[in-house]
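Trainee: Hi, I'm new to this one. Could you walk me through a few spots?
Mentor: Happy to, let's have a look together.

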Amino acid sequence: MEFKRRKTKQIKIGDVPIGGGAPIVVQSMTKTDTRDAQATILQIKRLEMVGCEIIRIAVPDKESVDSLEEIIKKVNIPVIADIHFDYRLAVESIKKGVHGLRINPGNIGSKTRIKEVVKAAKDKGVPIRVGVNAGSLEKDILEKYGKASPEALVESALKNIRIIGEMDFHLMKVSIKASDVLRTLESLKLLAQHVDYPFHAGITEAGPLFSGSVKSSAGLALILKEGLADTIRISLTAPPEEEVRAAYMILSSLGLRKRGLNFVSCPVCGRCRVDLPEMAVEIENRIKDIKKPLTVAVMGCEVNGPGEAREADIGIACGKGYGLIFKHGKSFRKVKAEDMVDEFVKEVKAAAKEIKK
Ligand code: SF4
């Protein structure tokens, strides 16, 4: 089964295309104090290593704007400035060279202020994400609908898209976020009937690593199934590298991007004679930075293990006192129990190196 993608315009953030049939782009957001340019640069460098393709940075004040130039100069991925409330910060960030802008028109203020921002973006060809959030809907729209329903959220998005579009500016992507998945999904479905701008999707404030990843996977699977995401960010209360890893895991498990590991391990049952949960965690930790697309299986016994291990690019089925390593469907090596983790990790890294880009 192939996931359909909605037909959209294409925009570019720096040199990264979004929408218009481009692969779904993985982005994250820095968690450092933007005023501390060095810490922010270091965090972005770590994010680049795990495959982050676009980085968003909160720009809450003038000092943060002042850091932008140095950050942009030192990192290799496009930078989006995330601005709330003060339109002047958006205008100044564009002057400093950001590749994209995220604003919530609902809190930027009057039409005149939004237009100031659009004018600056137009002059430099900087795309804008119109981010509508259920928590900060315009008062008049909230009064009209009585609550932040999908219809209300879409009306807010369309109103702001219209204001920006009236200035003959069309380098837009749109996001709608509500705290519950189904409302977000319904809103995006409704909005897709009206506009062909690319969509940025994510489950907002999902939670810490485990619960946040589970919630994001469930929500995004529904959104991705409808073809309603062109770029995604997984919001986790965790280091941002985990957001990027989770994003790739979601995309690769749905067959939408091939990058990095597809890690398979069995749930363990009474046939297992090794400490598989500990072993799987250790192996995954030691190979998690592999960037090439590789399916790795770690299985607990010689009953069902070999089948799954054979299906993977590389896998191990653990027997009593030994492990059988399979590579590309064939039995490859037998290793002693005490060497299983080290030898398997070595073989996985070698298998990743053999993959041509
Ligand atoms: Fe049980 Fe073996 Fe299946 Fe693991 S692979 S769940 S140990 S039968």
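**A first walk through the model**

Mentor: Let's begin with isoleucine 13, which lies in strand β1, residues 11–13. Keep in mind that this is a predicted model.

Trainee: Okay! Is isoleucine 13 buried or exposed?

Mentor: Isoleucine 13 has a relative accessibility of 1%, so it counts as buried.

Trainee: Which residues does isoleucine 13 touch?

Mentor: Leaving out residues up to four places away in sequence, isoleucine 13 touches Ile18, Ile54, Pro78, Ile80, His99, Gly100, Pro127 and Lys173.

Trainee: Switching topic: where is phenylalanine 85?

Mentor: Phenylalanine 85 sits in the loop between β5 (79–83) and α3 (87–96). Its phi is near 70 degrees, which is a positive value in a residue other than glycine.

Trainee: Got it. And is phenylalanine 85 buried or exposed?

Mentor: Phenylalanine 85 counts as exposed, because its relative accessibility is 60%.

Trainee: What about valine 268, what is its phi?

Mentor: The phi of valine 268 is near 75 degrees, again a positive value in a residue other than glycine. Valine 268 is in the loop between β11 (261–265) and α11. With 32% relative accessibility, valine 268 counts as partly exposed.

Trainee: Now the ligand, please. Which residues surround it?

Mentor: Around the ligand are Cys266, Pro267, Val268, Cys269, Arg271, Cys272, Met299, Gly300, Cys301, Asn304 and Gly305.

Trainee: Let's do helices. How do α8 and α9 cross?

Mentor: The axes of α8 (residues 181–192) and α9 (residues 209–225) come within 10 Å and cross at roughly 15 degrees. The two helices are therefore roughly parallel to each other, and the crossing of α8 and α9 is right-handed.

Trainee: Which residues make the contact?

Mentor: From α8 there are Val181, Leu182, Thr184, Leu185 and Leu188, and from α9 there are Gly219, Leu222 and Ile223. By class, this contact has six nonpolar, two polar and no charged residues.

Trainee: And how do α11 and α13 cross?

Mentor: The axes of α11 (residues 276–287) and α13 (residues 340–354) come within 10 Å and cross at roughly 35 degrees. The crossing of α11 and α13 is right-handed. Among the residues that meet are Met279 and Glu282 in α11, and Phe344 and Lys349 in α13. By class, the contact of α11 with α13 has eight nonpolar, no polar and four charged residues.

Key: Residues are numbered from 1 along each chain as its sequence is written. This is a predicted model: local features need pLDDT of at least 70, side-chain atom pairs count only at pLDDT 80 or more; totals for chains, interfaces and linings use all residues. Side-chain values use heavy atoms; hydrogens and water are left out. Axes are lines fitted to C-alpha atoms, for helices over the stretch in contact, and angles run from 0 to 180 degrees between N-to-C directions. Helices (H or I, at least four residues) and strands (E, at least two) are DSSP runs, numbered from the N terminus. Angles under 35 degrees count as roughly parallel, over 145 as roughly antiparallel, 65 to 115 as roughly perpendicular and the rest as oblique. A crossing is left-handed if the near helix is turned anticlockwise from the far one by less than a right angle, and right-handed if clockwise. Contact means heavy atoms within 4.5 Å. Ala, Val, Leu, Ile, Met, Phe, Trp, Tyr, Cys and Pro count as nonpolar, Asp, Glu, Lys and Arg as charged, and the others, Gly among them, as polar. A residue is near a molecule or strand if one of its heavy atoms lies within 4 Å of it. Buried means under 20% relative accessible area, exposed over 50%, partly exposed in between (1.4 Å probe, protein chains only).
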